[in-house]
Amino acid sequence: MFHLLKLGPVPLSVGTTGVYLRIGETGDPSAPVFEQTDLSGVRALIAGLEPSQVSCEPALADAAAELGLAVAPPSLAALSARAAIATFLAWGQMGVSGLGSDKALLFVQAATEFWDAKPWTHWDDSQAFTVDVTGAHEHTYEGCVFHGEDEGPSGLALYLSPGSLGRLLELQVHGADKEAQALPAITVSLEARPTYAVDALSAAGRAPRLPLPVKAGPQGLSVPSSLESLILVAALRAVARLSPSQPEALSSMVAGDARMDVRVRAPAPRVRN
């Protein structure tokens, strides 16, 4: 049985398009189809198949009725596959797809753990975490969690130099935003846009935010390296395990023959009245 699903509308440089997906029971997708209407998209997906071999998600019910196809809720594997495709498509539109689809999957899972843990309820963006990386790469970062109300970004920033967070706050107080943004750091920001990706992630039970890895420095914004991305993934997972009663957590990542341990130590929780 194949599940037929829609992703979108996906914004283009001019207008929008629908992205139509055929996904097997185990979550294996065929090549996506880009069409302007549901009927055209579904018709392209079923080429060469018997109607009994496919079912459409409820959002495609009108097209299914016209083509004589069954309608049924998609499997969790199909929803997860759509979420992964949506994440990687959004990364492509934002210029970070060079990290690869495997990193997209890692970020989606780690971001969900982080989002569900809600560390910003205990700490705010003025409090420094110590993030020690050992193994294939060794460095001590100064980290902080941040959370935007409504649709503002949330996430985790790892600054390369000790004292960077104090320097950041000082620059922001004096209105030196350009200098503040140039402080060397790697960050994963959980974004409320694009809508098509956030909707797909939410439908699959993932965090309703797009994880966007970013590297900042004097030369501006760029894409983190593969190694830096793995550090961010491990740090997200470690922070997700922290609590006021457990101020330290360890997360490990293995890439090929290389292993990294990321140990995060939290400051005292912020007391809220």
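I took two strands as paired if DSSP finds at least two bridges between them, and helices (H or I, at least four residues) and strands (E, at least two) as DSSP runs numbered from the N terminus.

The model is predicted, and I kept to its limits: local features need pLDDT of at least 70, side-chain atom pairs count only at pLDDT 80 or more, and totals for chains, interfaces and linings use all residues. Residues are numbered from 1 along each chain as its sequence is written, and side-chain values use heavy atoms, with hydrogens and water left out.

**Sheet.** I traced an open sheet of 7 strands with antiparallel pairing, in the order β10-β9-β8-β7-β6-β12-β11. At the edges I found β10 (210-216) and β11 (248-255), each with a single partner strand, so one side of each has no neighbour in the sheet. Neighbouring strands of this sheet are turned by 20° against each other on average, direction ignored; the axes are lines fitted to C-alpha atoms.

**Pairings.** I then followed part of the order strand by strand. β7 (residues 139-146) is joined to the antiparallel β8 (residues 154-159) by 5 bridges, and Gly-143 has Leu-158 in β8 as its bridge partner. Between β8 and β9 I noted 6 bridges, again antiparallel, with Ser-154 partnered by Leu-190 in β9.

**Burial.** I called a residue buried under 20% relative accessible area, exposed over 50% and partly exposed in between, with a 1.4 Å probe and protein chains only. Strand β9 (residues 185-191) has 6 of its 7 residues buried, so the rest of the structure largely encloses it.

**Pocket.** I used a 1 Å grid over the protein atoms alone, where a pocket is an open set of points, with a 1.4 Å probe fitting, that has protein on both sides within 12 Å along at least five of seven lines, and lining residues have an atom within 4 Å of a point. The largest pocket has a volume of about 550 Å³, the volume being the space filled by probe spheres set on the points. I listed 19 lining residues, with Ala-157, Tyr-159, Leu-168, Gln-181 and Thr-187 nearest the centre. At least two lining residues each come from β7, β8, α5 (164-173), α6 (177-181), β9 and β10, and β9 gives the largest share, 4 residues.

Key:
Axes fitted to C-alpha atoms, helices over the stretch in contact; angles between N-to-C directions.
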